[in-house]
Amino acid sequence: MPVNKIQSSRRARTAIAGAGAAGAVALASVVLIQPWEGRSLIAYRDIVGVLTICDGDTANVRPGMKVTAAECDQRLAVRVRRDYFEPLKGCIFGFEKRPISWQASMISLAYNVGTGAACNSKAARLARLGKLRESCEAATAFNKAGGKTVSGLVKRREMGDATRIGEAELCVSGL
């Protein structure tokens with residue numbers, strides 16, 4: 001369960017309203033993934049030692065790899081739709097019919113922890129039962145790296161920080 005109280009916020013509701021027709025993929029990419037992942041145009045090792053580039057992208061990254069901002073934008077757009085949105089549709093019946101705030105939060109979670117973990121999570125099980133608020137809160141359990149609770153992951157999964165919206169904050173704001 002969450003460390004902090006999860007509640008709707010004006011900034012999250014504004015982000016949801018701004019997404020409009022762009023939908024959950026764009027909302028996840030712009031509001032959750034990019035701000036929390038940060039962008040690096042040069043490959044580096046993340047907190048657990050995985051080679052990473054762009055906005056936390058770990059696919060086909062080589063040591064010393066360099067890319068442009070436009071290449072990062074393209075990688076993110078393709079991967080979020082193909083590797084996260086589409087698989088989540090397959091493992092959670094009616095995924096694309098749920099509120100975009102919930103979809104975006106699940107996409108961001110899957111991007112960060114992997115589709116398998118997201119699909120097999122308590123958050124996904126609760127969503128399959130139609131318990132979306134509970135699903136938003138259950139996703140906050142993914143706040144560890146290397147077996148230790150990480151403050152930044154608690155913020156990402158829950159209510160964010162002064163400049164970034166948290167996944168659960170966005171999730172419940174659109175229910």
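Reader: How much space lies in the largest pocket?

Author: About 550 Å³. The model is predicted: local features need pLDDT of at least 70, side-chain atom pairs count only at pLDDT 80 or more, and totals for chains, interfaces and linings use all residues. Residues are numbered from 1 along each chain as its sequence is written, and side-chain values use heavy atoms, without hydrogens and water.

Reader: What makes a set of points a pocket?

Author: The set is open, on a 1 Å grid over the protein atoms alone, with protein on both sides within 12 Å along at least five of seven lines. Lining residues have an atom within 4 Å of a point.

Reader: Which residues of the lining lie nearest the centre of the largest pocket?

Author: Glu37, Asp46, Ile47, Asn112 and Leu153, out of 24 lining residues. The largest share of the lining, four residues, comes from α8.

Reader: Why are α2 and α4 called oblique to each other?

Author: Helix α2 (residues 23-37) and helix α4 (residues 100-113) pack at about 45°, with axes 8 Å apart. Under 35 degrees counts as roughly parallel, over 145 as roughly antiparallel, 65 to 115 as roughly perpendicular and the rest as oblique. So α2 and α4 are oblique. Their crossing is right-handed.

Reader: Which residues of α2 meet α4?

Author: Ala24, Val25, Leu27, Ala28, Leu32, Ile33 and Glu37. Contact means heavy atoms within 4.5 Å. Their partners in α4 include Ile107, Tyr111 and Asn112. The residues of this contact divide into ten nonpolar, five polar and one charged.

How values were computed
Axes fitted to C-alpha atoms, helices over the stretch in contact; angles between N-to-C directions. Helix = DSSP H or I, 4+ residues; strand = E, 2+ residues; numbered from the N terminus. Left-handed = near helix turned anticlockwise from the far one by under 90°. Nonpolar A, V, L, I, M, F, W, Y, C, P; charged D, E, K, R; others polar. 1 Å grid on protein atoms, 1.4 Å probe; cavity = no way out; pocket = protein on both sides within 12 Å on 5 of 7 lines; lining within 4 Å. Points joined across faces, edges and corners; volume = space filled by probe spheres on them.
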